[in-house]
Amino acid sequence: MLPFKLVCAPTFYRPIGQSVFPVSKYRLIYQHLLEKGIAAPDDFVEPVPASNEDVLLVHTPEYVYKLRAGTLSESEEWQLEVPYSRELVEAYWLCAGGTILAADCALRDGVAFNVSGGFHHAFPDHGEGFNLINDVAVAIRHMQKRGKIKTAMTVDCDVHHGNGTAAIFGTPNAAILPRPERLPYMRESAARDVFTISLHQENNYPAWKPPSAIDVGLPDGIGDDEYLAWLEKAVMSGLQRFQPDLICYLAGSDPYRRDLLGGLALTIEGLKRRDEFVFRTARARGVPVLGLPAGGYAADVRDSVAIHCNTVLAACLRS
Ligand SMILES: [Zn+2]
């Protein structure tokens, strides 16, 4: 039995037809955790959907109405990159409810995971890149509204920049910064009550990357050691500037060298070291961690699943 909870629901897995987005991943993570004896059935808790009120803490009433009523324009649907359906909307609301529940469990137990979630490409007024609503932002605003936390930090290690999260929590009217000439780079910007860190492949989606509090833009093909050195630099710098009440860790498996949508070259072992660093660092400072899978599109889905399950194992290590 695990010393923390895993939030999971059968309806996280809505079929969305032919897509590179592997919704089956969530079911496979659940099965793998049980089959390998990493988790027991009692370790899982089932969420309820987020309320519209919670979603409206982050998203505009116009966008929420369009999602619920099915009145997105053709171009808005195209931008989602997944076929729109009412069932898909329900799945996203449920996932946001899962991230809220996992945030609550993390505050109680020190760590918790939502088996789905980490939808960092959703903006207040639109969705993109497979992401309809930003579950991480919804959970943070929900916890703040109820007085459970004042501050939070996102450590976004998905290979793609956390553009929606950066836009939601960034400084209003932040300057559009020129693209750095040299890679890798680390750039620091202002932060308010939520400190966003994004470590990503620079030459990848999304084209427009609104400033996070710390952005690390990495060149194509970077390997384990260099990646881990930049991660450490970014997280340590963030924790010097800011004291979070909760860390939301987007443990994307897409920096993996065999990922179809990523262009970095991390190994499964390197990704394990990444996870261990995040949990060890948070534990040393007594900051609870909410873990989320975010993206992962390995040529063999079993690799993505193994990487995500390793994140759960890394949270169990005590040193
Ligand atoms: Zn990604």
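Which residue stands opposite Ser198 in E6? The residue is Asp156. The model is predicted, so local features require pLDDT of at least 70 and side-chain atom pairs count only at pLDDT 80 or more, while totals for chains, interfaces and linings use all residues. Residues are numbered from 1 along each chain as its sequence is written, and side-chain values use heavy atoms, with hydrogens and water left out.

Helices (H or I, at least four residues) and strands (E, at least two) are DSSP runs, numbered from the N terminus. Strand E6 covers residues 194–201, and eight of the eight are buried, so the strand is largely enclosed by the rest of the structure. Buried means under 20% relative accessible area, exposed over 50%, and partly exposed in between (1.4 Å probe, protein chains only). Val194, Thr196, Ser198 and His200 point one way from E6, while Phe195, Ile197, Leu199 and Gln201 point the other way.

Two strands pair if DSSP finds at least two bridges between them. Strand E4 (residues 152–156) runs parallel to E6 and is joined to it by five bridges. Strand E7 (residues 214–218) is also parallel to E6, again with five bridges; here Val216 is the bridge partner of Leu199.

**The zinc site**

The zinc ion is coordinated by Asp158 (OD), Asp158 (OD), His160 (ND1) and Asp254 (OD), at 1.9 to 2.7 Å. Donors are N, O and S atoms within 2.8 Å of the metal (3.2 Å for Na, K and Ca); water is not among the atoms, so sites may look incomplete. The donor residues follow the spacing D-x1-H-x93-D in sequence. Angles among the four donor atoms run from 54 to 153°, and the site is irregular. Asp158 is buried at a relative accessible area of 1%, and His160 is buried at 6%.

**Aromatic pairs**

The structure holds eight aromatic pairs. Rings of Phe, Tyr and Trp (its six-membered ring) pair if their centres lie within 6.5 Å; planes under 30 degrees apart count as stacked, over 60 as edge-to-face and the rest as tilted. Two of the pairs are tabulated.

| Pair | Centre to centre | Between planes | Class |
|---|---|---|---|
| Phe123 and Trp208 | 6.2 Å | 20° | stacked |
| Phe195 and Phe242 | 5.2 Å | 40° | tilted |

Phe195 lies in strand E6 and Phe242 in the loop between helix H8 (224–241) and strand E8 (247–250), so this pair ties together parts that are 47 residues apart in sequence. Phe195 is buried at 1% relative accessibility, and Phe242 is buried at 11%.

Technical notes:
Tetrahedral: all angles 85-135°; square planar, octahedral: opposite > 155°, others 65-115°.
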